[in-house]
Amino acid sequence: MAETIVKIRELTKLYAQGEIQVTALDRIALDIAAGEFLALMGPSGSGKSTLLHIIAGVDRPTSGECLVQGVDVTKLNESELADWRNQNVGFVFQTFNLIPVLTAFENVELPLLLTQLGRAQRRKQVEAALDLVGLADRMHHLPKQLSGGQEQRVAIARALVTDPKLVVADEPTGNLDSHSAHEVLGILQSLSQQAGKTVIMVTHDPKAAAFGSRSIHLEKGELTR
Amino acid sequence: MALPIRYSLRNALVRWRSTIATVLGIALVVFVFVLLQSLAAGIEKSSGNTGDPRNIMIVRKGSTAESASMIGRQNFQDIRYFPEIALTAKGEPIISADVLVLVNLPRRNHGGEANVLLRGVTPRGMELRPQVNLVAGRWFEPGKREVVVSAKLAKRFANFDVGQSFKSGNATLTVVGWLEGGGSAFDSECWLDADECRSLFERDMYSSFLIHPVDEAAGEKLIARIEGDRRFKLKAEKEVEYYRKQTMTAAPIKWLGNFLAVTMSIGAVFAAMNTMYAAVGSRTREIGTLRVLGFRRRAVIVALLLEGGFLALLGGVLGCAFAFYWNGYTTATMGMETFSEIVFEFSVTPKLVLEGLIFAVTVGLIGTLLPALRAARLPVIAALKSL
Ligand SMILES: Nc1ncnc2c1ncn2[C@@H]1O[C@H](COP(=O)(O)OP(=O)(O)O)[C@@H](O)[C@H]1O
Ligand SMILES: [Mg+2]
């Protein structure tokens, strides 16, 4: 059994929506092993994104603990969390979230600007990441000059460029046609199988989930399987 | 760590359709500011360039303008042999008794009439004003009804070309040359022989004396002596001092320039604020993404300030360019004291351009501050979720 990279206990997230309180996550317990490709499934509003965001250090739980590589991310302050995210987590969004005014190369380079790496080393890593997603020849294109599938692959390159242990993807194929979706899922799969990265993917599409090594289901903030 | 500068620059340029109004607004403010200040600078230059720090100017006490001053002939006889006055090689005292006459003349192209200053000047007076040069034709000859007009006035008044004549009262004067005063007050004058001028216009009195003293100390002594002698009723001061006081006319224009700049810039600040609020609003998720990647609030604020500052700088450059179009353009105003035509040039100095640009960037930064703070205050997760 591989080491546990994510360890979640009693994780609860409450939202106050006016008078009523919404329980987005209800005392979740979850272990994720290093190198897993975990598909996080469930209907809309079941708390998938909330869980993913807490694991990735962009949101905070109401209570409970979330250890990633032994670090309790719920205890880090804002700037520690920013550094932690930069070094340990790669993000892939449903809407790609590339910066429109920056080229593919510049988008992928962004996370590296926060490191100590020199220009030459950054270039090397950016080119390697773009090569991995098969877009080395589109380096100097702006996002609007790329197809949706290509944009998402650039976004994956951006998530990989700092060589993080953990890659999180929130409905990465939600805005893609089936062919592009297939490509993107293949890349995520190879990240886990070949590069040994831990990939957590939110999806409500069983076909997408089938690319994963394990699926878990959320229902009204609770894990059902 | 900061976001790349090109992120801010490209964002400023890419939305040019929505920012053009703000850029033009700031350009307008800077244009008005720089233009009015360049007008004031031109007026100041026209008097500031006038005079020699060593020379002493004498007019009648209480007279507001040289042309309104009247000094009796006896005063000239009394003063000219004062030992404080330097002598020429031939032993003549260096003192020029000038007479100024205001004449009403027609403008070119039936543009109505305006007053022009005629200066009856002596050979000594011409030597004492070396900044005045002949640029066309020749100098007038003593005893002839000839006049050398300012080249700048020549462009504005009828019959001022070399060879033409104009009438004033019973006198007909022939233009024999054009002079240039190097941006001094003499650019608004026409010169003719002093004796000729006095006889033509039947002036028994003088308007002013210009004196070159032996040295600085003698100059001070001369001023004290004339001011102290109640017989004279004359005002003596350094020539540069005299013209500096005539410069007051630039003050209202400066004031107006500053006033308009301040009031208009309030509007420009709000325009910039509006633009940047829109920019920030449409990019909330993008800003959230940057934060997720690890960029701090500070980096976002700096990037947005840079964007707003750059937009404003574009406006500033544009405004200065518009203003610079008028640089060197000669215009005229009515002298407050003489009611004669005073010509001067718009003078867009490097200092004014710099002030205009700094002004523009300041407007941009102030306008961007609140939107930038709002963008940065948003929690990462809220920014990410926004659509
Ligand atoms: N900022 C918020 N304020 C209030 N309620 C929220 C907020 N974010 C999410 N929720 C609620 O929490 C629940 C889980 O949301 P989410 O994690 O986005 O679900 P999923 O990603 O599975 O669709 C939903 O009921 C949603 O309405
Ligand atoms: Mg979701």
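In the predicted model, the site of ligand 1 is shared between chains, because the residues surrounding ligand 1 come from both chain A and chain B. The surrounding shell comprises 13 residues. Among these, the closest to ligand 1 are Gln17(A), Gly45(A), Ser49(A) and Thr50(A), together with Lys385(B). By class, the shell around ligand 1 consists of seven polar, four nonpolar and two charged residues.

Three secondary-structure elements of chain A each contribute at least two residues to the shell around ligand 1: strand S1 (4-17), strand S2 (20-33) and helix H1 (48-55). The greatest contribution is that of H1(A), which provides three residues.

At Gly47(A), a backbone N or O atom is found 3.0 Å from an oxygen atom of the ligand. Lys48(A) approaches through its side chain, in which an N or O atom is 2.9 Å from an oxygen atom of ligand 1. For Ser49(A), the corresponding distance between a side-chain N or O atom and an oxygen atom of ligand 1 is 2.7 Å.

Chain A contains seven helices and ten strands. Its C-alpha trace extends over about 50 × 45 × 40 Å along the principal axes. The radius of gyration of chain A is 17 Å, in agreement with the value near 17 Å that a compact globule of 225 residues would have.

Chain B contains 13 helices and twelve strands. Its radius of gyration is 30 Å, whereas the globule rule gives 21 Å for 387 residues; chain B is therefore more spread out than a compact globule. Along the principal axes, the box filled by the C-alpha atoms of chain B is roughly 95 × 50 × 35 Å. Thus the ligand site draws on residues of chain A and chain B, of which chain A agrees with the radius of gyration of a compact globule and chain B is well over the value given by the globule rule.

Note on methods
Residues are numbered from 1 along each chain as its sequence is written. Chains are lettered from A and ligands numbered from 1 in the order in which they are written. This is a predicted model: local features need pLDDT of at least 70, side-chain atom pairs count only at pLDDT 80 or more; totals for chains, interfaces and linings use all residues. Side-chain values use heavy atoms; hydrogens and water are left out. A residue is near a molecule or strand if one of its heavy atoms lies within 4 Å of it. A polar contact is a pair of N or O atoms within 3.5 Å; within protein, one must be able to donate a hydrogen and the other to accept it, and residues adjacent in sequence count only if both atoms are side-chain atoms. Helices (H or I, at least four residues) and strands (E, at least two) are DSSP runs, numbered from the N terminus. Ala, Val, Leu, Ile, Met, Phe, Trp, Tyr, Cys and Pro count as nonpolar, Asp, Glu, Lys and Arg as charged, and the others, Gly among them, as polar. The radius of gyration is taken over C-alpha atoms; the globule rule is 2.2 Å times the number of residues to the power 0.38.
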